[in-house]
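Here are a few notes to go with the model. Have it open while you read.

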Amino acid sequence: MKTPLQPELEQRIGRNLLRYQLVELRLKQALPLRRVTLSPDGLLELQKAVESLRGKTLGHLAQDLVDALEFTPEGGRDAFLTSIQRFVDDRNWLVHHLLQDSNLLQTDEAAQACIARLDADYVAAEQVARHVL
């Protein structure tokens, strides 16, 4: 990648990756706490739930979140489900397809288009991060 936009682009890639990781970590911490029984058996179940989530990927965690919903999120359930699916798709694009879909970021135009996409994805990820929090 040889473009003067490289530092700006790398900053945004890192920012977005950190946001995705933060949401993943929050899900791993929050999902086991949905129902906690303060007894020896309940605490053992909590420990098992924490362990079972440790190796799950973001897509599986997002599905667990959707399955756990017992309320209507702000904006409605359908909008929330769409935002979660977009969040996972955006993360997968960044991790698995960015270079392939961006002409290896070899031109200023490709870098600018990628920066614009990363900025839009970050705004959407912020909304999901707030919901998860």
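1. A pocket here is an open set of points on a 1 Å grid over the protein atoms alone, with protein on both sides within 12 Å along at least five of seven lines. Its volume is the space filled by probe spheres set on the points. The second largest pocket comes out at about 210 Å³. It is lined by 13 residues (an atom within 4 Å of a point), and L31, P32, R34, R35 and A49 are the closest to its centre.

2. Before going on: this is a predicted model, with local features needing pLDDT of at least 70, side-chain atom pairs counted only at pLDDT 80 or more, and totals for chains, interfaces and linings using all residues. Numbering starts from 1 along each chain as its sequence is written, and side-chain values use heavy atoms, leaving out hydrogens and water.

3. Back to that lining: helix 2 (residues 40-54) gives the largest share, six residues. By class, the lining has six nonpolar, three polar and four charged residues.

4. Helix 3 (residues 58-68) and helix 4 cross at roughly 170°, their axes coming within 10 Å. That makes helix 3 roughly antiparallel to helix 4 (angles over 145 degrees). On the helix 3 side, the contact (heavy atoms within 4.5 Å) uses L58, G59, A62, L65 and V66. Nine residues of this contact are nonpolar, one is polar and two are charged.

5. Helix 4 (residues 77-101) also packs on helix 5 (residues 108-132), at about 135° with the axes 10 Å apart. The contact includes F80, F87 and W93 of helix 4 and L118, A124 and V128 of helix 5. Its residues are twelve nonpolar, two polar and four charged.

Conventions
1 Å grid on protein atoms, 1.4 Å probe; cavity = no way out; pocket = protein on both sides within 12 Å on 5 of 7 lines; lining within 4 Å. Helix = DSSP H or I, 4+ residues; strand = E, 2+ residues; numbered from the N terminus. Nonpolar A, V, L, I, M, F, W, Y, C, P; charged D, E, K, R; others polar. Axes fitted to C-alpha atoms, helices over the stretch in contact; angles between N-to-C directions. Parallel < 35°, antiparallel > 145°, perpendicular 65-115°, else oblique.
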